[in-house]
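Please take a moment to look at the sequence and the structure on the screen.

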Amino acid sequence: MSLTADENEVIRTVAECAGQHPQRCKCSQVIQCILERRGKWSRATDIAVANAGYEHPHVGPIYETIRDLVARRLLVGAGDLKSPAGPRYTECGLLPDPGWESRG
């Protein structure tokens, strides 16, 4: 399965934010990290992240990518990612490594 550049960026950012499994991070944190890296973080994007996430053209596509990766079971999610709730009310994380527990 081939991932888009945006999907790869989200997964890398989740790995950086969440650290090792089983930790998760807020979707808002992932979005902020990506937008800061792109030089697109602003007061307007901050407001959109604090709300539903779709009020700004830079925020909505990233949140949609996170939701899609969770729906495709490439990330784990917590909170209402289906309706969805806003990014600050939802979480995402890396899938558990099947051998993680056995390594202690």
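This is a predicted model: local features need pLDDT of at least 70, side-chain atom pairs count only at pLDDT 80 or more; totals for chains, interfaces and linings use all residues.

Residues are numbered from 1 along each chain as its sequence is written, and side-chain values use heavy atoms, with hydrogens and water left out.

Let us begin with helix 2, residues 27–38. Helices (H or I, at least four residues) and strands (E, at least two) are DSSP runs, numbered from the N terminus. The expected span of a helix is 1.5 Å times one less than its number of residues.

Which residues of helix 2 are buried? They are Cys27, Ser28, Val30, Ile31, Ile34 and Leu35, where buried means under 20% relative accessible area, exposed over 50%, and partly exposed in between, with a 1.4 Å probe and protein chains only. Seen down the axis of helix 2, these buried residues fall within an arc of 160 degrees, so they line one face of the helix; the arc is that of the directions from the helix axis to the C-beta atoms. In general, an α-helix has 3.6 residues a turn, so residues three or four places apart point the same way.

The buried residues of helix 2 pack (heavy atoms within 4.5 Å) against several elements, including helix 1 (5–18), helix 4 (59–71) and strand 3 (91–93). Just after helix 2, Gly39 takes a positive phi of about 75 degrees.

I turn to the cysteines. The structure holds 0 disulfides, a disulfide being a pair of cysteine sulfur atoms within 2.5 Å. For Cys17, the nearest cysteine sulfur is that of Cys33, 3.5 Å away.

Finally, the structure holds 10 salt bridges, each a side-chain nitrogen of Lys or Arg within 4 Å of a carboxyl oxygen of Asp or Glu. One of them joins Glu7 and Arg72, with the closest N and O atoms 2.5 Å apart. This pair links distant parts of the chain, 65 residues apart. Glu7 is buried at 9% relative accessibility, whereas Arg72 is partly exposed at 33%. Arg72 also forms a salt bridge with Asp68, at 2.8 Å.
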